[in-house]
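Here are some notes to read beside the sequence and the structure. They are set out as numbered points, starting with one annotated site and then moving to the chain as a whole and to a few further residues.

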Amino acid sequence: MVGKTVTALADGRRLIYFDELDADGGMRRTGGLTDTRHLEPLVADSHLRYDVLTGEWVTIAAQRMDRTFLPAADASPLAPSRPGVPPTEIPASDYDVVVFENRFPALSEHAGATAPLVDGEPLWPQAPGRGSCEVVCFTSDPHASFAELGQRRARTVIEAWADRTAELSELPGVQQVFCFENRGREIGVTLTHPHGQIYAYPFQPARTRALVQQARRHAAATGRNLMADVLAAEQHSGRRVLIAGEHWTAFVPAAARWPLEIHLIPHRDVPDFPALSVAEREELAAVYLNLLARVDRFFDGVAQTPYIAAWHQAPVGPDRDYARLHLQLFSLMRSPGRMKYLAGSESGMGAWVSDTTPERIADRLREVA
């Protein structure tokens, strides 16, 4: 059982505790409903500008330039608030899973109005950066990683993802809810406490637009769902399949672009976390922990592989039927101590060059299982 308690921080930002309850409804969390800090009101002046050359929206969020950057171990804003040290973003002295609105959001429900055009030029539409950016703390232990949380805690995080996806999808104008985790300083993580984020976008991000476009073309040509056909093809081949469960299959995609990349797809056509059944959530917790453990064993001599865990969900609105929930788990590390930098071809042209083969990635992930 998971309990949910909604409260607010000193500047009015939303904070939610997800507590693992025992059989009698008791919780482990201690305290935590009153933020004793004196905070200035949230600054949320981000806005969107349309890139006419690509058809994409770019978020302009200058207030993020001053966000917290690699604080000392005893000054982490994601740690529980304990006696003898300044209070943090989380008033509780111990907790299971916590979600709160980011203090330095790229998108916010409170973003102010803006002129409809940049410099009055019709080529450059702009709009308020209205949406949401939330932080998800997976544990009160600053030294843990998701792979070490255990199945019950992974289930609690899944419940938090489902709860927030359902609520944020109802915000006016939101078109996409994206749950993700960045892990590792090598990829730019600025807070080392184990956490993830949830973005609610007022537009379809580029990858979602591409997925929807491809799915539309596939449906028009075959009458079938693209993601279902991809899953069936990987299952039929079996060459890159890592885990074949009752409800989920994990595999290295045939056109993997990262030095380490895994996709995880439910067998049922599920649009997002809220739509998952209890059985699907239970198996997901176990499979996801299994994959993360393999990722940490992938490179010899690397204790914690830097990675990005991107949970793609179906967009809100008319394109919803053309996408389904799936995980894209990948690392920018190409060998111990060496990262794949997105240089000219990838960054300048979006033309990807892989430094390995998907089959070699799959073989290594099986080897470290």
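1. At which residue does UniProt place the feature "active site"? The unreviewed UniProt entry places this feature at His195, and such annotations are given in the numbering used here, with shortened feature names, and may be inferred rather than shown by experiment.

2. Before going further, please keep in mind that this is a predicted model, in which local features need pLDDT of at least 70 and side-chain atom pairs count only at pLDDT 80 or more, while totals for chains, interfaces and linings use all residues. Residues are numbered from 1 along each chain as its sequence is written, and side-chain values use heavy atoms, with hydrogens and water left out.

3. Histidine 195 belongs to strand β9, which covers residues 195–201; strands (E, at least two residues) and helices (H or I, at least four) are DSSP runs, numbered from the N terminus. Histidine 195 has a relative accessible area of 11% and is therefore buried, where buried means under 20%, exposed means over 50% and partly exposed lies in between, with a 1.4 Å probe and protein chains only. Apart from neighbours within four places in sequence, histidine 195 is in contact (heavy atoms within 4.5 Å) with Leu78, Val135, Val136, Cys137, Phe138, Glu181 and Asn182.

4. Leucine 191 sits in the loop between β8 (176–183) and β9, and at 16% relative accessibility leucine 191 counts as buried. Its contacts, leaving aside neighbours within four places in sequence, are Thr68, Pro71, Pro77 and Leu78, and Leu78 is also listed among the contacts of histidine 195.

5. For the chain as a whole, the model has 6 helices and 16 strands. The radius of gyration is 21 Å, close to the 21 Å that the globule rule gives for 369 residues, so the chain is as compact as a globular protein of that length; this radius is taken over C-alpha atoms, and the rule is 2.2 Å times the number of residues to the power 0.38. Along the principal axes, the C-alpha atoms fill a box of roughly 55 × 55 × 40 Å.

6. Of the 369 residues, 51% count as buried, and among contacts with a separation of 6 or more, 66% are between residues 24 or more positions apart. The accessible surface comes to about 17100 Å², of which 54% belongs to carbon and sulfur atoms, as computed by the Shrake-Rupley method with a 1.4 Å probe.

7. The unreviewed UniProt entry lists residues 215–368 as "domain: Galactose-1-phosphate uridyl transferase C-terminal". Over this stretch the chain is 36% helix and 21% strand, and the end C-alpha atoms are 34 Å apart.

8. Aspartate 296 lies in helix α4, residues 278–297, and is buried, with a relative accessible area of 13%. Not counting residues up to four places away in sequence, aspartate 296 touches Ala147, Arg183, Val302, Ala303, Gln304 and Thr305. Valine 302, one of these, is found in the loop between α4 and β13 (307–312) and counts as buried at 15% relative accessibility. Beyond its neighbours within four places in sequence, valine 302 is in contact with Asp296, Met333 and Pro336; the C-alpha atoms of valine 302 and proline 336 are separated by 6.4 Å, although the two residues are 34 apart along the chain.

9. Most residues other than glycine have a negative phi. Aspartate 119 is in the loop between β5 (97–101) and β6 (126–128) and is exposed, with a relative accessible area of 71%.

10. Alanine 8 lies in strand β1, residues 2–8, and is partly exposed, with a relative accessible area of 38%. Leaving aside neighbours within four places in sequence, alanine 8 is in contact with Arg13, Leu15 and Asp35, and its C-alpha atom is 7.8 Å from that of leucine 33, which is 25 residues away in sequence.
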